[in-house]
Amino acid sequence: MGNVHKSWWKEAVIYQIYPRSFKDSNGDGIGDLRGVISKLDYLANLGIDAVWLNPIFTSPNDDNGYDIADYCGIMPEFGTMDDFDELLAGLHQRNIKLILDLVANHSSDEHPWFQESRKSRANPYRDYYHWWPAENGKPAHRESYFDINRDAWMYDEQTNAYYLHYFSRKQPDLNWENPQLRKEIYRIIQFWYDKGVDGFRMDVIPFISKDTQFPPIPDRYKGSFGDFYAKGPNLHAYLREMNEKVLMKYPQTVSIAEGVGVKAEDVYLYINPERKELDMLYHFEGMDVGYIPGGFKELHPDGFSLLEFKQVYTKWDKAFDKGWGTIYLGNHDQPRMLSRWGNDSAEYRDLSAKMLLTFLLTMRATPFIYHGDELGMTNIKFDDIADYRDIESINMHQYLKANGGDLQHFINIQKLTARDNSRTPFQWDDTENAGFTKGTPWIKVNPDYKHTNVVKQEKDKDSVLHYFRNLTALRKTHSTLIYGDYELLDALNEAIYAYRRKDENGEYMVMLNFTSATARVNFVLDVEPQLLITNYGDIDLSEMALRPYQAAVLKLKP
Ligand code: TEU
Ligand code: CA
């Protein structure tokens, strides 16, 4: 990356907290801000540099906070603005920055803007949302991620019109074509930045611009409607305006696009600093590896191809070249990374969790670590739809039921890929409810908590938690692991992901065995390497072989 401009957010390890499931302080079974405050020292001891908090704003929680009814108010079940101020101060005292979650593609239907907008066609807030007069007939189909009819147009009798909602009916899309609405969003960003917030992750920000003629979705986007939604006509004009009107006034903050629908060839449009739009973007192409195309989050029964996985992450490393990259393997929208990409069997769970964390902490990109993955938490694999809390799973089940779908098959595939798998309560200890709450948790605790919890792992120096701490320390000590160039090695190896990291400060090699069998790399080393970290006691490079799920970081040259 040559003479890359250094920034705090390029060097940071970002830790994502899903506040609803992190720690409950008042016994109502719902995680809250005071719960996070009670764990500030735990966060500081992880060696992370920033926290990304999923939405904490006033919301009816149709989509767990991604349906906001007051962008400048704290969700009552999460606490108060005083709690927020105390949390922000506590993080900053520990040199941890705070990134909030801006959900500006849509609001809650309980937001006063929408309550006003739906009252009459002449209401001053009418054009804060996308309305289609019913006398013009039904508008061209738009697919909805969460609607029980998969229909993103909802008829509203009050004004005999349809409103657009890419997600649930309670998440009406905001009309960014309206400059007044855009001003409101910039005001909201400014409000939080003036409080000292260090950045925003921007929810489905590629979707904000719409062709308000609403032409039919072109056939080439069949099965990938999100790619079409991310191609609105004025998207980059709006991002540039957002940068000019507010982001650039807070140069120490970071803006991170949730890059749903964004292709590698287009990412420079968002993150090339010369374009003055956003700083970083995280993509979904890696998350699609191993899925049956056109299915609903259905994995290939024979797992994923490591060759495809390596090809995707190598492609994106290059695509990020014009800006800066991000890397993640799990978040609140994905299943647990250990179950999805590693091996959550008793024999290999710790080894493969450490292997995956080694990947995240040694790539040329800002790593996003989802809370609990530092412990090796696994999918809960619910057997019953009644255990689900996620609107995505519940509504898809209803849609399939209404359309003669195979519900048992759906439950089976959801065990592997449903979002709720990663939303079960954080596992603090082996007391009831894993120490998450004294009350009844809003979603079941993974019975695995007896085996996987912080207290147990603090006592075990070979635990995933200690290994994670060693990795964050390693990344900070060896700046080449942050800024060094990335080069894929042994590209056709179907079991091992090997790559080189190199710059003027040194040369390193990372080798990751993604399989439960011993495997060899197809190259030899011409220097005696220094082993910096491995998830086994040692490494035997005489045969250039890695043991099952072995990870190793070697220093080749000072
Ligand atoms: O996710 C956007 C998004 O596309 C996800 O819904 C994801 O693609 C989907 O879960 C795959 O099945 C963001 C938030 O991260 C998500 O939690 C919200 O539900 C969604 O937007 C609506 O705000
Ligand atoms: Ca609570």
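Which residues are the protein donors of the calcium ion (ligand 2)? In this predicted model, they are Asp24, Asn26, Asp28, Ile30 and Asp32. Below is a friendly tour of that site, of the nonpolar cores and of one aspartate in a strand.

**The calcium site**
- The donors lie 2.2 to 2.4 Å from the calcium ion (ligand 2).
- Isoleucine 30 counts as buried because its relative accessibility is 12%, and buried means under 20%.
- Aspartate 32 is also buried, because its relative accessibility is 3%.

- In soluble globular proteins, nonpolar side chains tend to be buried together.
- Here the largest nonpolar core has 169 residues, and Leu43 and Phe359 have the most contacts inside it.
- Helix 13 (residues 349-362) gives the most to this core, contributing 8 residues.
- Beyond its neighbours within four places in sequence, phenylalanine 359 touches Phe309, Tyr313, Ile327, Leu329, Tyr497, Tyr499 and Leu512.
- Another core, of 16 residues, lies apart from the largest one and includes Ile496, Phe523, Ile539 and Ala552.

**Aspartate 101**
- Look for aspartate 101 in strand 5 (residues 97-102).
- With a relative accessibility of 0%, aspartate 101 counts as buried.
- Its side chain makes a polar contact of 3.1 Å with the side chain of tryptophan 52, and one of 2.8 Å with the side chain of arginine 201.
- Leaving aside neighbours within four places in sequence, the residues in contact with aspartate 101 include Leu53, Asn54, Pro55, Phe57 and Tyr66.

Notes: Residues are numbered from 1 along each chain as its sequence is written. Chains are lettered from A and ligands numbered from 1 in the order in which they are written. This is a predicted model: local features need pLDDT of at least 70, side-chain atom pairs count only at pLDDT 80 or more; totals for chains, interfaces and linings use all residues. Side-chain values use heavy atoms; hydrogens and water are left out. Donors are N, O and S atoms within 2.8 Å of the metal (3.2 Å for Na, K and Ca); water is not among the atoms, so sites may look incomplete. Buried means under 20% relative accessible area, exposed over 50%, partly exposed in between (1.4 Å probe, protein chains only). A nonpolar core is a set of buried Ala, Val, Leu, Ile, Met, Phe, Trp, Tyr and Cys residues joined through side-chain atoms within 4.5 Å. Helices (H or I, at least four residues) and strands (E, at least two) are DSSP runs, numbered from the N terminus. Contact means heavy atoms within 4.5 Å. A polar contact is a pair of N or O atoms within 3.5 Å; within protein, one must be able to donate a hydrogen and the other to accept it, and residues adjacent in sequence count only if both atoms are side-chain atoms.
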